[in-house]
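Reader: Could you walk me through this one? I'd like to know what the words really rest on.

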Amino acid sequence: KKKKKRKMRLVQFEAEDGKVRVGVELKNGGDVVDVTAVDPSIPSTMLEVLQGGQQVMEKIGSAVESGSNVIEAKNVTLKAPVRGCEKIICIGMNYVDHCTEQNMPVPKEPVVFSKFASAITDPGADIIRFPVVEKLDFEVELAIVIGKEAFQVKAEDAMEYVFGYTVAHDVSARDWQLERNGGQWLVGKTFDTFAPIGPAIVTTDEIGDPHKLGIRCRLNGETVQDSNTDQLVFKTGEIIAWLTQFFTLRPGDLIFTGTPPGVGCFRNPPLWLKDGDVVDVEIDNIGTISNTIRDFKKE
């Protein structure tokens, strides 16, 4: 029989005791159920929760239904909802309107690149502008969170392997991405702190249609990107089918699905991030993460 999926917003959070653990946010920005306090057999990291599959999700569901161990939002600091995943895969040129702004044809096949998982950072954490970077840019993205090992998957079956979605900021050093490193994108995309994610992982059944969500980015309060995931060239199913021709996707793996128009490098004149800038990236039904740009200082 098909097990009922549970609608949830899963988070990693820190409370006053300083321990980071998994919880369930009762609504966007709301109170958090400290599920490992209810049931100590629930793993404390999101990666282990995802690896534990349906069995662990049943326990988390029961912990929420118990109504106990609810921590008020004001006493909670949300952290990156998953860390230590094997890979972050990114899809380039994946919004129709982003291709249009570059006068580029819409890709016939997904453009695939990557970031290292070591680039992950928390909502509210600083994004570090390193001395070697001059052209620092912002990109709001919808991120797919994989929930089950996937290889050679058909597009029509792909949603079975998706746990949920989160908001990602694909911070990009355009000088290193486009002008240095022999034209390879990796280095410019994967400095430490260049992958803020959060605030929660919203399960597939809770999010509604992931391909009809408002997506936006604000720089110091001004809207710089404003689109909708209905502009995605390759949607979740096609992306997973494409990627699993080549390699196995594992629980916790993240797929950043591309950015809409408005990024700094295609503006005239270009708009680069500087020390003190505050960038908010936001997707409807998931939430917002806010990070400040800080010039690197040697300790």
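Author: Here come a few labels and the values behind them. Keep in mind that this is a predicted model.

Reader: Why is Arg9 called buried?

Author: Buried means under 20% relative accessible area. Arg9 has 6%, so it counts as buried. You'll find Arg9 in strand β1, residues 9-14.

Reader: What makes the pairing of the Arg9 and Asn28 side chains a polar contact?

Author: The cut-off for a pair of N or O atoms is within 3.5 Å. The two side chains come to 3.3 Å, so the pair passes. The Arg9 side chain also reaches the backbone oxygen of Ile286, at 2.6 Å.

Reader: Which residues is Arg9 in contact with, leaving aside neighbours within four places in sequence?

Author: Among them are Gly23, Val24, Pro199, Ile201 and Asn285. Contact means heavy atoms within 4.5 Å, so each of these has to meet that limit.

Reader: And the largest nonpolar core: which members touch the most others?

Author: Ile240, Ile255, Val279 and Ile286, out of 47 residues. Elements that each supply at least two residues include β6 (88-92), α7 (236-243) and β18 (278-283). The largest share, 4 residues, comes from β11.

Reader: What does Val279 touch, not counting residues up to four places away in sequence?

Author: Its list includes Phe138, Cys217, Leu219, Leu273 and Ile293, and also His169 and Arg218.

Reader: Which residues belong to the other core, the one of 33 residues?

Author: Val22, Ile42, Ala63 and Ile88 are among them, and that core lies apart from the largest one.

Note on methods. Residues are numbered from 1 along each chain as its sequence is written. This is a predicted model: local features need pLDDT of at least 70, side-chain atom pairs count only at pLDDT 80 or more; totals for chains, interfaces and linings use all residues. Side-chain values use heavy atoms; hydrogens and water are left out. A nonpolar core is a set of buried Ala, Val, Leu, Ile, Met, Phe, Trp, Tyr and Cys residues joined through side-chain atoms within 4.5 Å. Buried means under 20% relative accessible area, exposed over 50%, partly exposed in between (1.4 Å probe, protein chains only). A polar contact is a pair of N or O atoms within 3.5 Å; within protein, one must be able to donate a hydrogen and the other to accept it, and residues adjacent in sequence count only if both atoms are side-chain atoms.
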